[in-house]
Amino acid sequence: MSNVLFLNIPYNGHVNPTLGLVDGLVKEGEQVTYFCSEEYRERIEKVGATFKSYGKDMTILKNGSNVFMDGNIEDKFINHIEKRLKLNMKILPIIMGEIKGTKFDYIVHSAMFPLGYIISRILKIPSISSFEEFATAKELITGIISGKRIKDYVSTDNYIKLRERLDKFYNVKMPTNILDLLSIKSDLNIAYTSKYFVSHPEYYDDSFIFIGPPIYDRKEVIDFPFEKLKDKKVVYISLGTVFNNTNDKLYDIFFKTFGNLDVVVVMTAYNIDISKFHIPENFIVKNYVPQLEILKYTDVAITHAGMNSIGDLLYNNVPFVAIPIGSDQPYNAARTSALGATISLDTYKLTPEILGNAIKKVQEDPSYLENMKKISKSFKEAGGYKQAVEDIFNFKKQKWISL
C-alpha cells in the first residue's frame with residue numbers, strides 16, 4: 001500500500017477521466033489524497049479518495065480558456081499561461097501546509113498542471129502525468145502559435161522571475177521553455193487514447209502508456225425521461241462545458257435543423273440560459289445528462305470533439321459530426337476526420353443545410369462506421385483503467401516503492 005498525492009485542474013474534462021483510475025488504485029489498497037476545487041468533492045470522495053480543497057478561487061483556469069478561440073491569440077495565450085502560474089504559486093503554500101507531516105510515495109497530476117511538477121520536486125518523489133487531452137503540447141502549440149514565432153515565447157520576464165523564485169526558495173528547476181508547461185512529461189505518462197489514434201506517435205516515448213478513452217461508470221443518479229427515447233430516432237448534441245456558451249447561433253442552427261423532424265433531440269446546455277431560445281417540442285434540453293446512458297439510445301450525435309465526448313462516441317461506435325470550438329477540440333476532430341470516422345465542420349460557416357447534409361452522410365455512408373470500428377477496436381485493446389493500474393504497480397517496482 002502506498003500514499004498517493006493527486007493534483008488536478010477543476011474542469012470536468014480533467015477530473016472525470018481520472019475517476020476510474022483513482023477507483024482502480026483505491027481498490028488495490030492505495031490511499032489517495034486528491035486536491036481539487038470544492039465542486040468536485042462528491043465525485044472524488046465517491047471513488048474512495050480523501051478530498052482536499054485548494055481553498056482558493058480557481059475561475060482563472062476556466063475563464064482564460066477563451067484565448068484558444070481568438071484569431072489573434074499568441075500574446076493572450078502566453079499571458080494566460082503566466083496567469084495560471086501566478087495562481088499556482090498562490091495555491092502552492094496551501095497544499096504544502098495541508099500535506100505537512102504526511103509522507104507520499106508518488107504523485108499523479110494533470111499534465112497541464114505545473115504544481116504537480118513543482119511539488120514532485122519539492123517532495124523528491126516519483127511523478128505520473130495524466131494526459132487528459134489527446135494532443136501533446138507540440139501538436140497544440142503548432143495550431144496556436146506560428147512556427148517561426150515559437151522561439152519568441154521560449155521565456156518571458158515574468159516566467160524568468162518565477163523560475164528564479166522557485167529555485168531560491170524550493171530548489172526546484174523549472175523548464176526553460178514556458179510552453180513546456182502545457183504538457184508536462186513525468187516518469188510515467190498516461191494517455192487516454194490509443195497509439196493508432198494519435199497523429200504523431202513519434203512524439204510519445206516509452207514513458208507513455210496508452211489505455212484508451214476514460215470509459216467509467218460513475219453511477220450518477222440523474223433524473224432523465226428515458227421513456228421518451230424508446231422506439232424513437234435519437235439525436236444527441238453536446239458542446240461540452242467550457243466553450244458551449246461562446247456562440248448562441250449554434251443553438252439556433254440546431255433548432256432549425258432538427259425542429260421539424262420526426263426525431264427526439266437530447267441536447268446539453270451546461271450553464272446556459274435557455275430561456276432566451278424558442279425550443280422545439282421534440283428537444284429535451286438539460287444542463288447535464290448521463291452521457292454513456294444516452295448513447296445507448298443515440299442514432300447520431302453532434303459533438304464539440306472534446307476528449308471525453310469523442311472517446312465515448314468512438315468507443316461505442318455512434319456516428320457523429322464534429323463541430324470543434326477550442327483547445328484540443330480542433331486536433332481531435334481533425335484526427336478523427338483524417339481516419340475517416342467523422343466529418344468536421346467549421347463553427348463559423350455552419351448552416352442548417354451543411355449540418356443536415358453532414359448528419360445524413362455519416363449515417364448513410366458505411367465507410368464512416370467501418371473506420372470508427374477500427375478506432376474503437378484500438379481503444380478496447382488498450383486495456384483501460386485496469387491496464388493503467390497494472391502499469392503503475394510495475395512503475396512502483398521500478399522505483400522501489402513499497403507495494
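T303 is placed in strand β11, which spans residues 300-303; helices (H or I, at least four residues) and strands (E, at least two) are DSSP runs, numbered from the N terminus. The model is predicted, so that local features need a pLDDT of at least 70 and side-chain atom pairs count only at pLDDT 80 or more, whereas totals for chains, interfaces and linings use all residues. Residues are numbered from 1 along each chain as its sequence is written, and side-chain values use heavy atoms, with hydrogens and water left out. The protein chain has an average pLDDT (the predictor's confidence in each residue, from 0 to 100) of 87, and 87% of the residues score at least 70. Over residues 60-71 the pLDDT is below 50, and this stretch has 33 contacts in the model beyond near neighbours in sequence; a contact denotes heavy atoms within 4.5 Å.

Strand β11 belongs to an open sheet of six strands in the order β10-β9-β8-β11-β12-β13, with parallel pairing. The edges are formed by β10 (283-286) and β13 (343-344), each of which pairs on one side only. Two strands are taken to pair if DSSP finds at least two bridges between them. Strands of a sheet pair through backbone hydrogen bonds, either parallel or antiparallel. Four bridges join β8 to β11, and S238 stands opposite T303 in β11. On pairing with β9 (residues 264-268), β8 again runs parallel over four bridges, with I237 opposite M267. Strand β12 (residues 320-322) is joined to β13 by two bridges in the parallel sense, and A322 stands opposite S344.

T303 is buried, with a relative accessible area of 2%; buried means under 20% relative accessible area, exposed over 50% and partly exposed in between (1.4 Å probe, protein chains only). Apart from its neighbours within four places in sequence, T303 is in contact with S238, S309, L313, F320, V321, A322 and I323. Strand β8 is largely enclosed by the rest of the structure, because five of its five residues are buried. V234, Y236 and S238 cover one side of β8, and V235 and I237 the other. In a regular strand the side chains alternate between the two faces of the sheet. Helix α5 (residues 114-123) is also mostly covered, with eight of its 10 residues buried, among them Y117 and I118. K124, which follows α5, has a positive phi near 60°.

Pockets were located on a 1 Å grid over the protein atoms alone, a pocket being an open set of points where a 1.4 Å probe fits, with protein on both sides within 12 Å along at least five of seven lines; lining residues have an atom within 4 Å of a point. The largest pocket holds about 1000 Å³ of space. Its lining comprises 48 residues, of which N12, N16, Q291, N308 and S309 lie nearest the centre. At least two lining residues come from each of α1 (12-27), β8 (234-238), α10 (291-295) and α11 (307-315), and α1 supplies the largest share, five residues.

The second largest pocket has a volume of about 430 Å³, where a volume is the space filled by probe spheres set on the points, and grid points are joined across faces, edges and corners. This second pocket is lined by 17 residues, with R43, K46, R218, K219 and E220 closest to its centre. Helices α1 and α2 (41-46) each contribute at least two residues to this lining.
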